Each structure stands twice: as structure tokens, then as C-alpha cells.
Amino acid sequence: MNRFSVTDFLTTLREAGCDLGEPFSYFEEVDSTNSLVKQYARDGGLHGACFLADHQTAGRGRHGRHWHAAPGENLLFSVLLRPRLPAAMLSPLTLVLGLGVRDALAAETTATLKLKWPNDIVVHQTPGALPPQASEPTSTQRNAGSSPFRKLAGILTESELSLGEEAFIVAGIGVNVHSQEFPGDLAHLATSLALLPRAATSSPGFTREILLTRILQNLSSWLSRYQHGGLGKIHQALNEHDALLGQAVRVDGRHGIGQGIDERGQLLLKTPSGTVAISSGTVELT
Ligand code: BTN
């Protein structure tokens, strides 16, 4: 396993002068960095703290799904945020953080990266645009689970608000960095930065330590824009990078065509009975 270097990371982070990322804790193996940071937050942990693991035995995705990541190849980390925002501003945070992760990853590749509402960073695959992956799906798999997207990163935000206390948010982020292949169904649903064409602006050496710094810098900058201007200013960026625009989808039983993201961060769907705004749900492409 390729061990994450805390020294290299802290050197880069401090050079960048980023306000997120410290205190920093590294774990070779944990159940889930989100669970650890949540407990740390309940015990009074500091805004900006970041816990990273090289391996998770019970990594979680949204809706209780398992987050698969081969040990030592990817970024698996959680950041504690105490953003001092009114409760109504907490739920769009996943989208705001998604823009940060997207921007940091987009600087590393010439592939077009999009935000798949509400929490995925995906590559839109046009036939022949992506290099073949080690375990390409069979044609049956492709027909059964055909998707124009491959997932590069996912975000799981978990928040707690107890009476009389400021809310905290745990932003758990998984990025596929060096993985060359994915098991089972993931073979045709996931990709990694290493499998995408490199950008001229790509970080030298392309290390996880540098990439984590870039992600934290971008999270910090989008978070600050949100704190100062709300979703109003961010709305345009959300629509620029909306993966679901024009896509036929089903969200918890509702079928429609993606029409963008509204000023409240809701997904707009054009359905046979008119346009509906959806504030949460699981998106499936149809
Ligand atoms: C999703 O796409 O459903 C969200 C995936 C989030 C995975 C990350 S990996 C680090 C952190 N710890 C977890 O248990 N989950 C998040």
C-alpha cells in the first residue's frame, strides 16, 4: 500500500495558506472517516479539521450505500465545518462543496467534469472519449446499466444541530485518484483521475498530498463565496456544470428531463405535468 505522507501534505497545505485541513489526522485504516469526524465534532472539535484514511472498512456513501476504494490509491477524507450559517442554508452546502471538488479535479484533466446533482463529480463519456478501462463491461452489463457518466468523486455531508448549539457539518469526500480498475458493476460506472487525460495545469508529480491541498483550497473558496453571497452568485456555476441538463431521469419515482438547478439548489425536472423542483432524492438515469 502506498502510504499517504502527512509531512508532504502539511508542507503543501501551509505553503498554500489554506484555512481548512488542520488539525489533520491520518489513519492507515478506519471504519469511516465520517464517523470519526462526527464523534470529534460532538466532542468539541475544531472547524477545518480533516481526517484522512488510506483504507476504510465501512466507507459510507449516500443512502447507506458502501463506498468502495482500494487501499492507498485514493483520497478518503472528511472535513469538519462549523460554517455559522442559518439552518436553511445548510442543505445546499453539498452542492457548494461539490463545485470546490469539481474545480480542483478539473484542473488536473482535460476531460469535462460535471456535477451530478446533488453529490457526484462525474465525467461525461462520449464513445471513444475515455481510454478503455482494465475491466470493461460486457455488452450485457452495458445494456443493463448503461450510463453516460462515470463517477470520479462523491460527497457525503452529514450535519447535526442540537438545541442552543451551532450546527456542524461533516463533509466526507471520496476521490478516485490512482485506481486503474474497479470491481463488478463499478467497472462501467466509475473512473479515476489516472484514467483520464492529464491537463497542462496538472499538479507536478500528481500526488494525493498535493491534490488534497488543491481540493481544500477550492472548498474554502466556494464556502466563503456561499457565506458571503448565498446561492445567488453560485447558481450560475451550478448550471454551467450540471450533468443532468437534458438527461432523462427518475428521481424517487418521478420521471422527467433535467432542466437545471434553481436559485435554491433544487433540481428542476420537466415532467408531463409541468416543471417540478426537487429538493432531495436519488437520481437514476432512464
Ligand atoms: C456518495 O457518492 O454517495 C458519497 C461518497 C462519500 C465517500 C467518502 S470517503 C470518505 C468519507 N468517509 C465515508 O465513510 N464516506 C465519505
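Visitor: What counts as a strand here, and in which loop is G64 found?
Guide: A strand is a DSSP run of E with at least two residues, numbered from the N terminus. The model is a predicted one. On that assignment, G64 is found in the loop between strand 2 (50-53) and strand 3 (75-81).

Visitor: Is G64 buried or exposed?
Guide: The cut-off for exposed is a relative accessible area over 50%. G64 has 74%, so the residue counts as exposed.

Visitor: How far apart in space are G64 and H255?
Guide: In sequence the two residues are 191 residues apart. From C-alpha to C-alpha, the distance between G64 and H255 is 23 Å.

Visitor: How many helices and strands does the protein chain have?
Guide: Helices need at least four residues and strands at least two. By that count the secondary structure of the protein chain comes to six helices and 12 strands.

Visitor: What radius of gyration does the protein chain have, and what would a compact globule have?
Guide: The C-alpha trace spans about 50 × 45 × 35 Å along its principal axes. For 286 residues, a compact globule would have a radius of gyration near 19 Å. The value for the protein chain agrees with this, at 18 Å.

Visitor: What share of the contacts between residues at least 6 apart in sequence joins residues at least 24 apart?
Guide: A contact here means heavy atoms within 4.5 Å. Among contacts in the protein chain between residues at least 6 apart, the share joining residues at least 24 apart is 67%.

Visitor: How far apart do the centres of the positive and negative side chains lie?
Guide: The protein chain has 24 positive side chains and 27 negative ones. The centres of these two sets lie apart by 6 Å.

Visitor: Which kind of aromatic pair do F4 and F24 form?
Guide: A search of the whole structure finds six aromatic pairs. One of them is F4 with F24, at 5.9 Å centre to centre and 35 degrees between the planes. Planes under 30 degrees apart would be stacked and over 60 edge-to-face, so this pair is tilted.

Visitor: Why does the pair of F4 and F24 tie together separate parts of the chain?
Guide: F4 lies in the segment before helix 1 (6-16), while F24 belongs to strand 1 (residues 24-27).

Visitor: Is F27 buried or partly exposed?
Guide: Buried requires under 20% relative accessible area, and exposed requires over 50%. F27 has 26%, so the residue falls in between and is partly exposed.

Visitor: Which residues do ring pairs link into a cluster?
Guide: Rings pair if their centres lie within 6.5 Å. Linked in this way into a cluster are F4, F9, F24 and Y26.

Visitor: Which residues does G98 touch, leaving out those up to four places away in sequence?
Guide: G98 lies in helix 3 (residues 93-106) and is buried, with a relative accessible area of 1%. I121 is 23 residues away in sequence but 7.1 Å away in space, C-alpha to C-alpha. With residues up to four places away not counted, G98 touches L115, I121 and I155.

Technical notes: Residues are numbered from 1 along each chain as its sequence is written. This is a predicted model: local features need pLDDT of at least 70, side-chain atom pairs count only at pLDDT 80 or more; totals for chains, interfaces and linings use all residues. Side-chain values use heavy atoms; hydrogens and water are left out. Buried means under 20% relative accessible area, exposed over 50%, partly exposed in between (1.4 Å probe, protein chains only). The radius of gyration is taken over C-alpha atoms; the globule rule is 2.2 Å times the number of residues to the power 0.38. Lys and Arg count as positive and Asp and Glu as negative; His and the chain ends are not counted. The place of a charge is taken as NZ of Lys, CZ of Arg, CG of Asp or CD of Glu.
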